[in-house]
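Biologist: I am new to this structure and would be grateful for a guided account. Could we begin with the surroundings of the ligand?

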Amino acid sequence: MAAPTEQDKLAEVVEAGTAIARGLDLDDTLRAVVEAATRVTRAAYGALGVLGPDHRISRFITTGLSNEQRELLGELPTGRGILGVLIDEARPLRLLDLSDDPRSSGFPPNHPPMHSFLGMPVAGRGTVYGNLYLTEAPDGAFTEEDERIVGLLAGMAAVAIENARLYQDATQQAEQARRAAEARVALTGAAAAVLHEHDLMEALRLVAREAVRLLRVRLVAVAVPDEFAGVVRYDVAEGPAAETFDTSSVPLGDSFAGSVLLAGVSIHVDGRDASALGNFVSAKRLAGHDVIAEPVVVGEEPAAVLLAADREDGEQFTVDDQELLGVLATFAAIAVHTSRSLARERARAEALARLRQTQTDAEARRETLARVIETQERERRRLAQDLHDRTAGGLTSVLFALRRLERELGDDDQRAQLSEAREGVSAAIEDVRDLIADLRPKVLDDFGLGPALERLCSTVARRSGLVLRPELGDGLDELAPEVATAVYRIVQEALSNVVRHAEAGNVGVTAAILGGQLVVTVEDDGRGFAPGSMGHGIEGMLDRARMVAGRVDLESPAGGGARVRFEMQIGAG
Ligand SMILES: Nc1ncnc2c1ncn2[C@@H]1O[C@H](COP(=O)(O)OP(=O)(O)OP(=O)(O)O)[C@@H](O)[C@H]1O
Ligand SMILES: [Mg+2]
């Protein structure tokens, strides 16, 4: 073989660079580099060892060996002896005879004889990725010139490896961010649904269904303690395996669910390992299943257990799964808490009303109402705060993370995917803001009734497409807080009814104080009230009005449509 000229050599280096730029598969690129190095130096054998995270050779690409020779050699070299020296010192090494060097550990059986040696670290930006090795120079020794040109080629190999790793990292990060964003968006939906559900069982069922969907599991169950009976009841079971799940009660003391409840800790038990479940009475029910459980803690005390079993893909539950179930458990806790405080206040107020039956009936009823409504307002304010702090804050930070990633990514496809995820998150933030405003409009507390009604009207208009014309008079912002809240809630319900029932196109909202009289109307041009229209919504409006010694009338204007009219005396007039 004729010795390559200087020009040939440079052409080889350029060719190797082009292979990298073409973005071929990493192994193909590295092979191109090794082959170029053997051609340039006319070595009989060449190899490139890539180091894994444990700093040992994880890939070994060779040239010059026949397939049979390679098969006979078997395993990858472990990186002892001279190869180990190169890995540790990361400096070029030229030897006349490998076996003369005292650091050589000799050749394994079936190894072809090798004498002259040139080793070159494959390194870039302070990281050693591997080494390029050449053996058997044509004239018995590798030259300085060989070393220089192989150094160039090793630099190229380093770039190829570095690119491949960066690309892999970026892909993984993008995928992780996308999944996190997806879960957040789904969680926001779940939170909204749970907050709007007043029936506790229905709310828990919702949480369980969301858990089945988000975790992709075969079963989610909610176990609730009955302390008097000393048992835990499975009140809710959802998912494809729910039908065959045994929901009969288990003893509080020595069951798995009971123990999670009493201990108040999260746990992951892979029941596919027969010994994992110990001696629980309920062990049979969970045996053979991978199970994670989260206590639903209300205040300080565990009020239920949320339990998920068996991922659809058959994999074991991860820490992320457990965390997600934990978040869902806080939703369940919010539902339990709200339902309990409402029930308590209602019971208390009803008892009070019964006790006072002999006294002025109207006053007792008003007290009942006042307490229930007050509790409702307090709960809503607390939930609004919770949502604002946890969900909205979290989503905003996801949004920023996605923006940053999007800017950093080079790949258009991934950028498009990320931007889609980012839009989903933006929409979710909007939803959460609306939800917070529904629960407790901050502007009502901060600026008073006028601005709060303005904002309510524009939100309803934006969401429904209705044309809304508010006409608001002076003095509304000086009303007593309980009056302002009552009016706000009445208008909110009246508008929600228009959107849901009226089939209207235009809506007028007026509020004015005239001669000591506050008059508020919500009027639409829809199909009008049917006779006997009355549900929880209208009943609530009447209650709110009564509480501030005002009244609500449902009117059918001569020109059609429906009108809700609220009025009350606010001064001597
Ligand atoms: N603006 C309106 N135009 C036509 N019909 C209405 C209007 N507002 C209320 N209704 C009728 O009155 C009924 C009772 O309303 P109400 O607000 O009490 O209950 P709801 O809206 O059905 O349920 P919710 O308890 O969620 O408010 C409605 O179902 C609807 O048939
Ligand atoms: Mg209604």
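Biologist: Of the 18 residues around ligand 1, which come nearest?

Modeller: This is a predicted model, in which local features need pLDDT of at least 70 and side-chain atom pairs count only at pLDDT 80 or more, while totals for chains, interfaces and linings use all residues. Residues are numbered from 1 along each chain as its sequence is written, and chains are lettered from A and ligands numbered from 1 in the order in which they are written. A residue is near a molecule if its C-beta atom, placed from the backbone, lies within 6 Å of it. Of the 18 residues around ligand 1, those that come nearest are Asn497, Ser533, Gly535, Gly537 and Ile538.

Biologist: Which helix gives the most residues to the shell around ligand 1?

Modeller: Helices are DSSP runs (H or I, at least four residues), numbered from the N terminus. The elements that give two or more residues to this shell are helix 14 and helix 15. The largest contribution, 5 residues, comes from helix 14.

Biologist: How are helix 14 and helix 15 oriented, roughly parallel or roughly antiparallel?

Modeller: Angles run from 0 to 180 degrees between N-to-C directions, with axes fitted to C-alpha atoms over the stretch in contact. Helix 14 (residues 481–502) and helix 15 (residues 536–547) pack at about 160°, with their axes 9 Å apart. Angles under 35 degrees count as roughly parallel, over 145 as roughly antiparallel, 65 to 115 as roughly perpendicular and the rest as oblique. The angle therefore makes helix 14, relative to helix 15, roughly antiparallel.

Biologist: And how is helix 13 oriented to helix 14, roughly parallel or roughly antiparallel?

Modeller: Helix 13 (residues 449–464) packs with helix 14 at about 15°, their axes being 11 Å apart. That angle therefore makes the two helices roughly parallel.

Biologist: How many nonpolar residues are in the contact of helix 13 with helix 14?

Modeller: Residues are in contact if their C-beta atoms, placed from the backbone, lie within 7 Å. Among those meeting here are Leu453 and Leu456 in helix 13, and Val487 and Val491 in helix 14. Ala, Val, Leu, Ile, Met, Phe, Trp, Tyr, Cys and Pro count as nonpolar, Asp, Glu, Lys and Arg as charged, and the others, Gly among them, as polar. The contact has no charged residues, 2 polar and, as asked, 11 nonpolar.

How values were computed:
Contact = placed C-beta atoms within 7 Å.
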